[in-house]
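Me: I've got a structure to go through. Can you walk me through its salt bridges?

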Amino acid sequence: MTAHILILGGTAEARRLAQELAGRPGLRVTSSLAGRVAEPRMPPGEVRVGGFGGVAGLADWLRAHEVAVLVDATHPFAETMSAHAAEASARTGTELLALRRPGWEAGPGDQWHWTGSLAEAAALLPALGTRILLTTGRLGLAAFADPGLGQLHFLVRSVDPPEPPLPRHTRVVLDRGPYTLAGERELLRTYDIDVLVTKDSGGQATAAKLTAARELGLPVVVVRRPDPPAGVTVVTDAADALDRIDRISS
């Protein structure tokens, strides 16, 4: 009997897991991408693109395609999708794993300021600097478009063009990681950045900016990631996910 695995993806960990599972006897693997990135990096195996239509739509898909294990390997800040996955899993009795890479931790020399939201991050900025590198993604920039922050200058880096409203003084750099330490040093120096704002996404692909900020003595505002839904089994890498999937599907 073939066990069907649905991976809610879009992250490097999701692609790595799909690659490990693809071709394994007795398994069928489908990766689902939200479709918010214009040119996503496609994982191996079957791929579907687009939303499910909320909790009910996802639950219907799990039933119709006889999914044995649902893996929520979305971005750590994809809070709505994670909540939908937990509810759909509960409705259908589908096993659910949340694949979450570990968050970042401050080290010696780091000047990190932790906040609970983008709005809290924006409120800290006037006391920290005037030239801000925003690496929080293309969504949610309205928090930094407050007229009270009109004296600040923002460099926004994202994969795709950001959605308005944007801060009054905004320059956009379209780029995709992984980023090198040398490249991040050059970016910060070229644009005379004095504050870095980021989300606690974790992982190595975008961590070089933190090292560059430490070397240059810059403060970093870090938005805490939301907790996973209550009761969900959390794994931190593809190897752990594979082990649990093997046990569930055997």
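Predicted model: local features only at pLDDT ≥ 70, side-chain atom pairs only at ≥ 80, totals over all residues.

Me: Where do E215 and R185 sit?

Reply: E215 is in helix α6, residues 208-215. R185 is in helix α5, residues 181-190.

Me: How many salt bridges does the structure hold?

Reply: It holds 13. One of them joins the side chains of R24 and D246, at 3.0 Å from N to O.

Me: What does that R24 and D246 pair tie together?

Reply: R24 lies in the loop between α1 and β2, while D246 is in helix α7, so the pair ties together parts that are 222 residues apart in sequence. R24 has 27% relative accessibility and counts as partly exposed. D246 is partly exposed as well, at 33%.

Me: New one. Which residue meets R225 in a salt bridge?

Reply: D200 does, at 3.8 Å from N to O. R225 lies in the loop between β11 and β12, and D200 in the loop between β10 and α6, so the pair ties together parts that are 25 residues apart in sequence.

Me: And D200, buried or exposed?

Reply: Buried, because its relative accessibility is 7% and the cut-off is under 20%.

Definitions and conventions. Residues numbered from 1 in each chain as written. Heavy atoms only, no water. Salt bridge = Lys/Arg side-chain N within 4 Å of Asp/Glu carboxyl O. Helix = DSSP H or I, 4+ residues; strand = E, 2+ residues; numbered from the N terminus. Buried < 20%, exposed > 50% of the residue type's maximum accessible area, 1.4 Å probe, protein only.
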